[in-house]
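I opened my notebook to look up aromatic rings. Here is what I wrote down, entry by entry.

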There are 2 protein chains.
Amino acid sequence: GFPGSFPAPPVQDPMWGYFTAIAGQDGEVDADELQRCLTQTGISGSYNPFSLETCRIMIAMLDRDYTGKMGFNEFKELFTVLNGWKQNFVMVDRDGSGTVEGHELSQCITNMGYRITPQALNCIIKRYSRSGKIYFDDFVACCVKLRSLTDNFRKRDSMQQGVVNFQYDDFILCTMSV
Amino acid sequence: GFPGSFPAPPVQDPMWGYFTAIAGQDGEVDADELQRCLTQTGISGSYNPFSLETCRIMIAMLDRDYTGKMGFNEFKELFTVLNGWKQNFVMVDRDGSGTVEGHELSQCITNMGYRITPQALNCIIKRYSRSGKIYFDDFVACCVKLRSLTDNFRKRDSMQQGVVNFQYDDFILCTMSV
């Protein structure tokens, strides 16, 4: 930017104008703004719009400075990640019913590269189903948590051995924030 | 019960009739039924009714057999726990506005006996506030998670040293289910 002015916006980026319109005066996107924006963009397609709760954990997933809001880079990252999850869901939801079965959720999670035992998969399915089916909103909530928790675990597993020694306080910090 | 019959209901318990009316044919309470029942009992008082999401994690907290439903004993336990949390909240929400401030949530958590550093408390406050305030529904969601995660941690911390060595899969199991 010019000396003494605000940083210059990345004018070449087609998403910049869109971002600033959503973010409003404070220049960041909170959960309410994200919910409106995701509903407008139609990323959930014919599926139900995202719940406010899912929007809040999407922000928490990328919120490295714990402000509860999202800057432009996180906003773009979220769209990339969301599109990947949607492709996964659509591939499994072949009849376009808007829901997938428990074993299909397991398949998605395995396809994404997570190595999780059947017992843990079973408990994830129970947690995210409604009447035995998993809706797109809950599927995304599940993906967000799995990604955040795995990231938090990996950061502490410096030797990549699949084992982490957690102090209680650190355990609470990295599980309560997602 | 009589030989060959179903177990006799605990007839002396005044909550039994209430429980069976809510539980319906399958004899257990799911998240939808719990939401209706908590709204009817008026346990949230003048506060907004519980969201379905909070009802789901209340059930997950007590759901030892991972069915996604609650039997009679869990149902009674939930009412006891909920009443305790409500007392805590009401004590802090002196003007009856239905919300508490971040530092008041910290105070509640400390009053409940949790030993959590300011950094972790700060991150919990961010996660559960809306526009800087914490509503009763989110307060209960926060209490449910904190209790479940602490229980899961304690079960593994057999020497009570405040440290647990987590395998990745077990970490996911005990954090994704709540």
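Predicted model: local features only at pLDDT ≥ 70, side-chain atom pairs only at ≥ 80, totals over all residues.

I began with the cluster: F153(A), F166(A), Y168(A), F171(A), F153(B), F166(B), Y168(B) and F171(B) form one aromatic cluster. Residues are numbered from 1 along each chain as its sequence is written, chains are lettered from A and ligands numbered from 1 in the order in which they are written, and side-chain values use heavy atoms, without hydrogens and water.

Next I looked up the pairs, and the structure holds 32 aromatic pairs over all chains. I noted the rule: rings of Phe, Tyr and Trp (its six-membered ring) pair if their centres lie within 6.5 Å, with planes under 30 degrees apart stacked, over 60 edge-to-face and the rest tilted. F166(A) and F171(A) have ring centres 5.9 Å apart and planes at 75 degrees, so I logged them as edge-to-face. F166(A) is buried at 0% relative accessibility, and F171(A) is buried with a relative accessible area of 0%; buried means under 20%, exposed over 50%, partly exposed in between (1.4 Å probe, protein chains only).

Then I turned to F153(B) and F166(B), a tilted pair with 6.4 Å centre to centre and 45 degrees between the planes. Both F153(B) and F166(B) are buried.

Last, I checked for charges over rings (NZ of Lys or CZ of Arg within 6 Å of the ring centre and within 35 degrees of the ring normal). R127(A) lies over the face of Y128(A), 4.8 Å from the ring centre.
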